[in-house]
Amino acid sequence: MIRRRFLRDFSLYCALFVGMVVEIVAFQRVAGMGFGARFSFGVIVLPTLAALVLYFVWHEYQQAAVGMEGRNGLQKIVNGVREYLADNWNVLNAATLVVALMSLLLQAVLLIFNLGDEGPGARTHAVFGALAAPLLSANMLFYLQGFTESGSLVRMILSVTFGTRYFAMLLLIIIVGFTASFTLLFRANDNVDLEFDGYTSPGRAFVTTFGFLLGAFDLSEFEES
């Protein structure tokens, strides 16, 4: 019974994952098409994906409800939420479902009001879509733990990842320090051409500095500056 339910949920999540990724990528093109394409997309694709998301939302609610048993009032809600969020997988599931649902709602608004694939609404949808895709991918690891062939590999990767969190924190501190240094130096040098846009803002400088760790650096930029 448990295995059958797990396989059912895994199949539905695979459908949600594939559907969301394809839909996120295809939405920009569909939004610029005629009424027929937008109507079909809004009546068939979006409700189907929304139903799948709500199915897993119900699952998460059932898990949170377990922690509410035997208590009354506000303490019942607080304890249920606390026990639910104590599991990192639940946090990931909740974040994934919220972002996916927001992405679908934004697409529905853009299609209903025919706002097209440009403007603030489209950019906001692009942000939610960009967040939803990696979250859905990461959440797939939860289901892959249930298979003999992939379960041990997933657990090993997660163990190594959590084991290096303090090293990653130290590395982040160093990157932030060099990010501030490069930003100030390139801004203070009047001879630097604007083509060095990798250092014109802290955000760009952070990405550029992180690229140094991967060997993506150009010494000519420092020589010319």
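**View 1. The largest nonpolar core of this predicted model has 24 residues**. A nonpolar core here is a set of buried Ala, Val, Leu, Ile, Met, Phe, Trp, Tyr and Cys residues joined through side-chain atoms within 4.5 Å. Buried means under 20% relative accessible area, exposed means over 50%, and partly exposed lies in between (1.4 Å probe, protein chains only). Tyr13, Leu16, Met20 and Leu104 have the most contacts inside the core. At least two core residues come from each of helix 1 (2-31), helix 2 (35-66), helix 4 (88-112) and helix 5 (120-144). Take Leu16: leaving aside neighbours within four places in sequence, Leu16 is in contact (heavy atoms within 4.5 Å) with Leu49, Leu52, Val53, Phe56 and Leu136.

**View 2. Here is how helix 2 packs on helix 4**. Their axes sit 10 Å apart at an angle of about 155°, so the two helices are roughly antiparallel. Axes are lines fitted to C-alpha atoms, for helices over the stretch in contact, with angles from 0 to 180 degrees between N-to-C directions; under 35 degrees counts as roughly parallel, over 145 as roughly antiparallel, 65 to 115 as roughly perpendicular and the rest as oblique. The crossing is left-handed, a label used if the near helix is turned anticlockwise from the far one by less than a right angle, with right-handed for clockwise. Among the contacting residues are Phe41, Leu49 and Val53 of helix 2 and Leu97, Leu101 and Leu104 of helix 4.

**View 3. Phe10 and Tyr143 pair up across distant parts of the chain**. Phe10 belongs to helix 1 and Tyr143 to helix 5, 133 residues apart, and both are buried. Ring centres 6.3 Å apart and planes at 45° make this a tilted pair. Rings of Phe, Tyr and Trp (its six-membered ring) pair if their centres lie within 6.5 Å; planes under 30 degrees apart are stacked, over 60 edge-to-face and the rest tilted. The whole structure has 13 aromatic pairs.

**View 4. Tyr55 and Phe56 make an edge-to-face pair**. Centre to centre they are 5.2 Å apart, with 80° between the planes. Phe56 is buried at 4% relative accessible area, whereas Tyr55 is partly exposed at 23%. Both belong to a cluster linked by ring pairs, together with Phe6, Phe10, Tyr13, Trp89, Phe142, Tyr143 and Phe147.

**View 5. Trp89 sits in helix 4**. With 18% relative accessibility, Trp89 counts as buried. Not counting residues up to four places away in sequence, Trp89 touches Ala138, Asn139, Leu141, Phe142, Gln145 and Leu158. The C-alpha atoms of Trp89 and Ala138 are 9.8 Å apart, though 49 residues separate the two along the chain.

**View 6. Helix 7 (residues 165-188) packs against helix 8 (residues 202-213)**. The angle is about 120° and the axes are 8 Å apart, which makes the pair oblique. This crossing is right-handed. Residues meeting here include Leu171, Ile175 and Phe182 from helix 7, and Ala205, Phe206 and Phe210 from helix 8.

**View 7. The whole chain has nine helices and zero strands**. Helices (H or I, at least four residues) and strands (E, at least two) are DSSP runs, numbered from the N terminus. Of the 225 residues, 29% count as buried. Among contacts with a separation of 6 or more, 66% join residues 24 or more positions apart.

**Notes.** Residues are numbered from 1 along each chain as its sequence is written, and side-chain values use heavy atoms, leaving out hydrogens and water. As this is a predicted model, local features need pLDDT of at least 70 and side-chain atom pairs count only at pLDDT 80 or more, while totals for chains, interfaces and linings use all residues.
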